[in-house]
Amino acid sequence: MNKFDDIIRHEQQKTYVMRNEALFAFYLQAKINGQQERARLWRRLVMVCALLFVPAVYLSDKVSAIVDLYVGTIIRATVPMLYNGTMTLVVFGLAVAWLGHLISRR
Amino acid sequence: MIPDAELVRRSLSHGSHHFGVLIQRHSNYLFALAMRMTKGQHALAEDVVQQSFLNVFSRLKSFDHKRDFRGWLTGISVNCYRDMLRKSPPFDELEDAAPATLEPVDEDRAFVELITPLSAEQRILFILRFVYEYKVEEIAALLEIKSGTVKSKLSRAMSELRAVHNDCELVLPVIEEGGPGASHE
């Protein structure tokens, strides 16, 4: 048997040992469980989106009414405040405070 | 003992805890393969094993039950090592790194010194052919390449080894079709 065969035979018989096989297997199993759970969550998300599709289509048809109902209410409540100056004062005050902050940092 | 194919089926239908048995069954084999491919870099070998098992799990549905699970695992592990080399360039191992074996250091280094002149690709083929005694056709099937390519790469690898180790008493084999029976442990 020549030296090459000796080296190969020796390598075939060699035993490799992990530093912490049990911990390695545990960690790997946890990662796989996580991967499986993530896949399951994605599947559920897709399912929920599919289920919500019909009501979403229905609502999108009525979007202008909904916008008018909610956003319109906010605008109608805010505009009188702007008119009587309360909101303008708040915005102006914030702007001055911000400028003061910038200047004080120099 | 439950066959590998049955464990694969159970992992798919009953949950990943059945895959744990496959990990326990094949982790030593895969770690030894990774240690040989990485020339004894322990941390890198562990990364290869871990990533290989993760890849195997994510591709479990595509496993052909007629195939040998260990062979399929070997192919995925080799591809995984190639990907890791592609993503991050290899770094030299420390000279005084503690070997992960139960055997004397001098004899341990002989194999690493023998395969050091080879490129990663040649090293993989050399290990599969001579250490694991896979036939050329089997390697070609595992790595999904042509057997002619395997043969030519192996032949080139042997020429390089002959050129480097010409002063030693090494008698390197000539690559021929087929070879000894596969005892893959």
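## Basis of the model

Residues are numbered from 1 along each chain as its sequence is written, and chains are lettered from A, with ligands numbered from 1, in the order in which they are written. Because the model is predicted, local features need pLDDT of at least 70 and side-chain atom pairs count only at pLDDT 80 or more, while totals for chains, interfaces and linings use all residues.

## Chain A

Chain A holds four helices and zero strands, where helices (H or I, at least four residues) and strands (E, at least two) are DSSP runs numbered from the N terminus. Read from the N terminus, the order of elements is α-α-α-α.

Of the 106 residues in chain A, 6% count as buried. A residue is buried if 20 or more other C-beta atoms lie within 10 Å of its own, exposed if 12 or fewer, and partly exposed in between, with C-beta atoms placed from the backbone.

## Interface between chains A and B

On the chain A side, 24 residues are in contact with 31 residues of chain B; contact requires that the C-beta atoms of two residues, placed from the backbone, lie within 7 Å. The elements of chain A that give two or more residues to this side are α1 (3–13) and α2 (21–61). The largest share, ten residues, comes from α2(A). By class, the chain A side has ten nonpolar, eight polar and six charged residues. In this division Ala, Val, Leu, Ile, Met, Phe, Trp, Tyr, Cys and Pro count as nonpolar, Asp, Glu, Lys and Arg as charged, and the others, Gly among them, as polar.

Axes are lines fitted to C-alpha atoms, for helices over the stretch in contact, and angles run from 0 to 180 degrees between N-to-C directions. From α2(A), the residues E21(A), A25(A), L28(A), Q29(A) and I32(A) meet F19(B), G20(B), I23(B), Q24(B) and S27(B) of α2(B). This contact comprises five nonpolar, four polar and one charged residue.

## Helices α7 and α8 of chain B

Within chain B, helix α7 (residues 136–143) and helix α8 (residues 147–164) pack at an angle of about 115°, with axes 8 Å apart. That angle makes α7(B) roughly perpendicular to α8(B), a class that spans 65 to 115 degrees, whereas angles under 35 count as roughly parallel, over 145 as roughly antiparallel and the rest as oblique. The crossing of α7(B) past α8(B) is right-handed.

On the α7(B) side, V136(B), E137(B), I139(B) and A140(B) meet S147(B), V150(B) and K151(B) of α8(B). The contact has four nonpolar, one polar and two charged residues.

## Nonpolar core

A nonpolar core is a set of buried Ala, Val, Leu, Ile, Met, Phe, Trp, Tyr and Cys residues joined through C-beta atoms within 7 Å. The largest one has 48 residues, and those with the most contacts inside it are F31(B), A34(B), L125(B), F126(B) and I139(B). The element that gives the most to this core is α2(B), with ten residues.

With residues up to four places away in sequence not counted, F126(B) touches I115(B), L118(B), L154(B) and A157(B).

## Selected residues of chain B

Two glutamates have positive phi. E133(B), in the loop between α6 (120–131) and α7 of chain B, has phi near 55°. With 17 C-beta neighbours inside 10 Å, E133(B) counts as partly exposed. E144(B), in the loop between α7 and α8 of chain B, has a positive phi of about 55°. E144(B) is exposed, with 8 other C-beta atoms within 10 Å.

L12(B) belongs to helix α1 (residues 4–14) of chain B and is partly exposed, with 15 other C-beta atoms within 10 Å. Beyond its neighbours within four places in sequence, L12(B) is in contact with L60(B) and K61(B). The C-alpha atoms of L12(B) and F57(B) are separated by 9.2 Å, and the two residues are 45 residues apart along the chain. P3(B) sits in the segment before α1 of chain B and counts as exposed, with 10 C-beta neighbours inside 10 Å. P3(B) and L22(B), 19 residues apart in sequence, are 9.6 Å apart in space, C-alpha to C-alpha.

Technical notes: Left-handed = near helix turned anticlockwise from the far one by under 90°.
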